[in-house]
Amino acid sequence: MLSRDQYRQFLLSARLTNTIPLGSACGLRCVFCSSKSDIPGARTIIPQITKEEFEECLDFLDLQHRPFVTLAGSEIVMYGEPFLHPLLLEFVEIINQRYPWVDVGVETSGAHCSPRLVKGLNRVRNLAVSVSVNTMDEQARRTYMGVDARRSVRRLLDSGLPIRAVHLTDFGEIDILLRDLDVLQPNGRVEAFVIRRIDYTRFSSPEGRALAHRSMAAYHEHLRLVDDHSDDPRLMAQLLDLDAAVGRFGGMQRTAADGAVARLLDRHGTDLYMCCPDSSYAYLRRKLGDMRLVRVPNLTFGGSVVCAGLLTFRDLRSALLGGSGGGPVAVGSLVGIPANMLNPNTQDLFGETLYHFQQETGYRVVIG
Ligand code: SF4
């Protein structure tokens, strides 16, 4: 559990995406929760935010350029349930009153939706709710999520509140996925459906890993079947494999990556060896033609982790010197690395500094 001082530091991350973390408790026990794949001892437990902290945090957000606030567990640790916070309704009211032009997003599992919450949220202006339903299959919910809670989820989905997105999970069983869509698609209040696969790291439990393997093996085929099954234009698929991504989130990541790479190319031309995680390699290769790209597998976390923010200098060393990224890169070369693998002190997740990496390897590094 973070101390109050550590937590106040942590709240600084809210400005990155205008997401205010309300607390990491969630009340479910999903086998596939990303918290179960963290490095041992590194799980971040965050306390519930106080009203005073919430108001300070709100003042700190960039609402002029990004007129929305998302209330969630956290954008950084990907777990936590806003409906468990006793002051949630008070918080959205404060946002509405102070910033009437700002959209209020709430990301929830729906498992704790009470009639009182529905009534209160119905009074909120500019509200958009995202619901991580995962599945409406009773057996799968009990097996993979620990708790059924379909009644509460149903209450939320049928409440008339604007539902921005419903997230479903591919457990590797197409019958479940198709049944979920049949049950949920007729709800005209849902703007979009997102189908997720399950990922794992080398710290995942054997159970979580086996489930992820089933999900990943079936995922692309299942998306095709879902596509055949439905002609609903709201159906979206969020793929972590950016090469195949067709979703809103994949699109945003591509845009961000495109911008960063274009700036680096502009400045350094094709002398640069651009390091990228597995996830964006095929996409950038196709898009950037003769740019020198180094594919960096995530050896540190292993599994199916494809996020640039989880790469470490150890991974870069292996790809650049050892050639795991497609051939050794000569010492002294100019190397571009993703900015989001570094903290503000230019350290990676294990505290190794950029300075140390450069001294030890002899590469000249630019951050993209
Ligand atoms: S609901 Fe979300 S945060 Fe809670 S256990 Fe499941 S995946 Fe994790």
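Which residues have the most contacts inside the largest nonpolar core? The legends below take up this question first and then turn to other parts of the model, which is a predicted one.

**View 1. The largest nonpolar core of the protein.** This core has 49 residues, and those with the most contacts inside it are Ile-20, Leu-71, Val-131, Val-153, Ile-163 and Val-166. Leaving aside residues up to four places away in sequence, Ile-163 touches Val-129, Val-131 and Leu-157, and also Arg-189, Val-190 and Glu-191. Another core, of 22 residues, lies apart from the largest one, and Tyr-273, Met-274, Leu-284 and Val-335 are among its residues.

**View 2. The protein as a whole, as background to the close-ups.** The protein contains 13 helices and eleven strands, and of its 368 residues 36% are buried. Among the contacts with a separation of 6 or more, 72% are between residues 24 or more positions apart.

**View 3. The packing of helix H8 against helix H9.** Helix H8, which covers residues 174–184, and helix H9, which covers residues 206–229, pack at an angle of about 35° with their axes 11 Å apart, and the crossing of H8 and H9 is right-handed. On the H8 side the contact is made by Ile-174, Leu-177, Leu-178 and Leu-181, while His-222, Leu-225, Val-226 and His-229 make it on the H9 side. Sorted by class, the residues of this contact between H8 and H9 are six nonpolar and two polar, with no charged residues.

**View 4. An open sheet of four strands with parallel pairing.** The strands follow one another in the order E9-E8-E10-E11, and the edge strands, each of which pairs on one side only, are E9 (292–296) and E11 (364–367). Direction ignored, neighbouring strands of this sheet are turned by 30° against each other on average.

**View 5. The pairing of strand E10 with strand E11.** Strand E10, made up of residues 334–337, runs parallel to E11 and is joined to it by four bridges. Val-335, which was named above as one of the residues in the core of 22 residues, has Val-365 of E11 as its bridge partner.

**View 6. Helix H12 lying across strands of the protein.** Helix H12, which spans residues 313–320, lies across strand E8 (273–277) as well as E9 and E10, and the helix runs at about 125° to E9.

Definitions and conventions: Residues numbered from 1 in each chain as written. Predicted model: local features only at pLDDT ≥ 70, side-chain atom pairs only at ≥ 80, totals over all residues. Helix = DSSP H or I, 4+ residues; strand = E, 2+ residues; numbered from the N terminus. Buried ≥ 20, exposed ≤ 12 C-beta atoms within 10 Å, placed from the backbone. Contact = placed C-beta atoms within 7 Å. Axes fitted to C-alpha atoms, helices over the stretch in contact; angles between N-to-C directions. Left-handed = near helix turned anticlockwise from the far one by under 90°. Nonpolar A, V, L, I, M, F, W, Y, C, P; charged D, E, K, R; others polar. Core = buried A, V, L, I, M, F, W, Y, C linked by C-beta atoms within 7 Å. Pairing = 2+ DSSP bridges.
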